[in-house]
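Trainee: I would like to learn how to read a structure feature by feature. Could you take me through one?

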Amino acid sequence: MSEFNSNVSSLQALKTWKTIPQLYRDKLVRNVFCGNCKDVVEIIQYSITENKYGLILEGKCRTCGGPVARVVEKE
Ligand SMILES: [Zn+2]
């Protein structure tokens, strides 16, 4: 289970994130592509921000520690 680190997350983005069902959120954080590992990895120590396309998760790859990010597009 990823520990949520909210120091750079915006409150609004966090609110939006929390509206996503927990099961689906777990899936999202475990389904991030890492360019370094060239594989799907889990994102850890991530922050959440929001732009017009949706939520942006930025953090580290659990496997190699490199930076990874993913966009969660709005419906
Ligand atoms: Zn990696």
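Trainee: What is the geometry of the site of the zinc ion?

Mentor: Start with the general idea. Ideal angles at a metal are 109.5 degrees for four tetrahedral donors, and 90 or 180 degrees for six octahedral ones. Four donors count as tetrahedral if all angles lie between 85 and 135 degrees; four count as square planar and six as octahedral if opposite donors are over 155 degrees apart and all others between 65 and 115; anything else is irregular. Here the four donor atoms of the zinc ion make angles of 103 to 113°, and the site is tetrahedral. Keep in mind that this is a predicted model, where local features need pLDDT of at least 70, side-chain atom pairs count only at pLDDT 80 or more, and totals for chains, interfaces and linings use all residues. Residues are numbered from 1 along each chain as its sequence is written, and side-chain values use heavy atoms, with hydrogens and water left out.

Trainee: Which protein atoms are the donors of the zinc ion?

Mentor: Donors are N, O and S atoms within 2.8 Å of the metal (3.2 Å for Na, K and Ca); water is not among the atoms, so sites may look incomplete. In this model the protein donors are the SG atoms of Cys 34, Cys 37, Cys 61 and Cys 64, at 2.2 to 2.4 Å from the zinc ion. Along the chain, these donors show the spacing C-x2-C-x23-C-x2-C. Cys 34 sits in strand β1 (residues 32-34) and Cys 61 in strand β4 (residues 54-61), so this pair ties together parts that are 27 residues apart in sequence. Helices (H or I, at least four residues) and strands (E, at least two) are DSSP runs, numbered from the N terminus.

Trainee: Is Cys 34 buried or exposed?

Mentor: Learn the cut-offs before you answer. Buried means under 20% relative accessible area, exposed over 50%, partly exposed in between (1.4 Å probe, protein chains only). Cys 34 is buried, because its relative accessible area is 1%. Cys 61 is buried as well, with a value of 1%. Cys 37 is partly exposed at 27%, and Cys 64 is partly exposed at 34%.

Trainee: What does Cys 37 touch?

Mentor: Contact means heavy atoms within 4.5 Å. Setting aside residues up to four places away in sequence, Cys 37 touches Cys 61, Thr 63 and Cys 64. Cys 37 lies in the loop between β1 and β2 (39-41). Its C-alpha is 8.9 Å from that of Gly 66, which is 29 residues away in sequence.

Trainee: How many disulfides does a search of the whole structure find?

Mentor: A disulfide is a covalent bond between the sulfur atoms of two cysteines. The test is a pair of cysteine sulfur atoms within 2.5 Å. The search of the whole structure finds zero.

Trainee: How do I read a pair of aromatic rings?

Mentor: A pair of aromatic rings is described by the distance of the centres and the angle of the planes. Rings of Phe, Tyr and Trp (its six-membered ring) pair if their centres lie within 6.5 Å; planes under 30 degrees apart count as stacked, over 60 as edge-to-face and the rest as tilted. The rule gives one aromatic pair here. The ring centres of Trp 17 and Tyr 46 are 6.3 Å apart and the planes stand at 75°, so the pair is edge-to-face. Trp 17 lies in helix α1 (residues 11-18) and Tyr 46 in strand β3 (residues 43-51), so the pair ties together parts that are 29 residues apart in sequence. Trp 17 is buried at 3% relative accessibility, and Tyr 46 is buried at 5%.

Trainee: And backbone angles?

Mentor: Most residues other than glycine have a negative phi, and most peptide bonds are trans. Lys 38 has a positive phi, near 50°. Lys 38 is in the loop between β1 and β2 and is exposed, at 66% relative accessible area. Gln 45 also has a positive phi, of about 50°, and is not a glycine. Gln 45 lies in strand β3 and is partly exposed at 47%.

Trainee: In what order do the elements of the chain run?

Mentor: From the N terminus they go α-α-β-β-β-β-β. That comes to two helices and five strands. Of the 75 residues of the chain, 36% count as buried.
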